[in-house]
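Subject: Structure handover

Hello,

Here is the structure we talked about, passed on for you to look through. My notes on what was found follow below it.

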Amino acid sequence: MEARSDLIQIEKLPESAELVPSRFNVRTLVPDGTMVIYNSYTGAFTGFPPSVVPALESLLHKAGFTGLLQGLTKYLFERGYLVRRNTNELDRVRLLFGKHQYRNDELELILLTSEECNFRCAYCYETFPRATMEPWVREAIITLFCNRAPRLNRFSVSYFGGEPLLGLEAIEQVAPVFQETCDQHGIRFSSDMTTNGYLLTPNLFGRLLRWRIKTFQITVDGTPEDHNRQRTLKGGGETFSTIFNNLMGIKDVRGDFRIILRMNFNQHNAEQVDAFLDTFSPFQNDRRFVLRFYPVGKWGGPNDDRLEVCGLSGERERQKLTVLASDRGYSVETRMPYIQARGALNVCYAARPYNLIIGADGKIMKCTIALDTRDYNVVGHLTREGRAEIDVDKFTKWVKPYFEEDTVCKKCHYVPVCQGFSCPIPRIETGERPCPGEKNEIHRTLASIWHIQQNSGRYQRLESHLEPNASQPSEEQCSGM
């Protein structure tokens with residue numbers, strides 16, 4: 001398999017060309033001697049066996065060379081590991097950025113169908129200022145969407161909160177309209193929900209699936225004891241058993257869906273991950289259930305000073321836990337989608353102009369952590385007529401191309417992926433550069449992705465007999481991503 005940017009078009013070159021390694025290459029050796037090479041612009045990800053490494057290092061020497069476009073040389077060129085001398089690769093990033101950023105055929109809405117929650121989690125940052133989305137806001141959202149629909153090629157909606165299922169009546173009103181209108185106009189449609197899972201009975205889950213809400217993130221913080229310590233009901237009370245029973249019922253639902261089981265980990269519950277995996281063994285062979293590990297952070301809640309967090313080691317611990325779960329046979333969320341420029345998951349959704357959060361009272365915001373607790377995050381409001389009235393000066397702070405004014409970003413090997421704003425908040429508040437964990441730990445990231453992919457049997461190393469002037473390898477011979 002291949003994963004290359006749809007912007008890339010291979011030029012017709014003479015058989016011999018002056019070539020240099022791409023500035024966006026990263027390579028690392030894994031324990032079995034495989035050299036893994038990744039290019040952040042094309043998204044190419046390949047494992048080369050030890051026998052090919054000397055030839056590979058020669059071809060990727062920074063001095064460059066003039067060579068024939070055949071065999072390994074052609075392979076490296078077609079995947080972007082080699083480029084023509086004097087290629088302006090930063091200009092390619094500018095083109096990529098413009099393609100993703102400046103478009104009016106996409107719309108992404110995050111709807112706070114309820115800003116109240118039935119949980120009170122230890123690390124939560126929300127203030128729960130209001131409950132179910134007001135009826136006029138729902139009507140205005142429908143009007144906004146229907147007015148935009150004829151010009152859209154893609155639409156996605158995420159249900160968030162608070163706890164979105166406390167605002168079920170809002171979902172019941174808007175979700176069928178989204179589905180029907182997208183079908184009518186031929187719009188690519190996707191829908192997801194972040195829920196604590198307490199109210200997500202199998203019966204309700206089936207109804208949501210019929211509205212094509214197919215991806216759900218549900219947080220389960222480890223063993224029942226660890227989870228109940230961190231995620232309690234409002235007013236007190238355990239929550240694990242109800243969530244687990246709902247998940248067991250959902251497992252019996254036939255259909256195409258994805259449940260992301262997120263474990264927010266700290267130094268304590270990370271040590272209990274084996275017990276957590278034992279508890280969730282019923283889901284081990286169901287590929288619809290995927291484990292995601294995320295380090296607990298100080299996200300602005302009242303308990304921040306008392307939280308146990310992993311700090312700078314959080315990304316390393318995430319990689320470790322992900323590999324452990326993969327070795328145990330679970331489906332896991334790898335960092336592969338996050339190191340791809342094409343999907344741009346390491347660009348915060350808030351940095352995209354076509355992504356808007358709409359609160360239960362009609363406020364328009366950009367970040368689901370800042371919400372309306374920080375004035376700069378409230379960038380406008382929805383009118384009763386279905387218009388999004390935007391404060392342009394506030395809005396611009398979220399979406400402008402920060403990498404263009406940051407000399408370090410412009411020189412960085414990772415700029416095609418994060419584009420300078422994996423999180424715009426540090427830029428806005430302090431002017432600091434936000435570097436994602438995958439970039440800071442890039443060699444560990446590549447090694448863990450390779451390990452997990454080998455576990456799955458999905459990708460294999462490039463065949464060891466391939467030499468610099470051998471014939472072009474088949475798709476089955478390369479690692480693929």
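This is a predicted model: local features need pLDDT of at least 70, side-chain atom pairs count only at pLDDT 80 or more; totals for chains, interfaces and linings use all residues.

Thr-195 stands opposite Ile-218, a residue of strand β11. Residues are numbered from 1 along each chain as its sequence is written, and side-chain values use heavy atoms, with hydrogens and water left out.

Helices (H or I, at least four residues) and strands (E, at least two) are DSSP runs, numbered from the N terminus. Two strands pair if DSSP finds at least two bridges between them. β10 (residues 188-195) and β11 run parallel and are joined by 4 bridges. β11 also pairs with strand β13 (residues 258-265) in the parallel sense, over 5 bridges. In that pairing, Ile-218 stands opposite Leu-261.

How much of β11 is buried? Of its 5 residues (215-219), 4 are buried, where buried means under 20% relative accessible area, exposed over 50%, and partly exposed in between (1.4 Å probe, protein chains only).

**Helix α5**

Helix α5 covers residues 168-185, and its 18 residues should span 26 Å at 1.5 Å a residue, which agrees with the 26 Å between its end C-alpha atoms. The expected span is 1.5 Å times one less than the number of residues. The helix bends by about 25 degrees at Val-174, and Pro-176 follows within four residues. The bend is the angle between axes fitted to the seven residues ending there and the seven starting there.

Among the buried residues of α5 are Ile-171, Val-174, Pro-176 and Phe-178. The buried residues of this helix pack against β7 (106-112), α4 (135-148), β9 (154-160), β10 and α6; contact means heavy atoms within 4.5 Å. After α5 comes Gly-186, with a positive phi near 70 degrees.

**Backbone details**

Which two residues are joined by a cis peptide bond? They are Gly-161 and Gly-162, with omega about 15 degrees. Gly-162 is in the loop between β9 and α5.

Arg-212, in the loop between α6 and β11, has a positive phi near 65 degrees and is not a glycine. Arg-212 counts as partly exposed because its relative accessibility is 25%. Gln-419 has a positive phi of about 55 degrees, and is not a glycine either. Gln-419 lies in the loop between α13 (415-418) and α14 (424-429), and counts as buried because its relative accessible area is 0%.

**Two buried polar residues**

Ser-331 is in the loop between α10 (314-327) and β15 (355-358). Its relative accessibility is 13%, so Ser-331 counts as buried. The side chain of Ser-331 makes a polar contact with the side chain of Arg-287 (3.0 Å). A polar contact is a pair of N or O atoms within 3.5 Å; within protein, one must be able to donate a hydrogen and the other to accept it, and residues adjacent in sequence count only if both atoms are side-chain atoms.

Glu-315, in helix α10, is buried, with a relative accessible area of 9%. The side chain of Glu-315 makes a polar contact with that of Gln-319 (2.9 Å).

Regards
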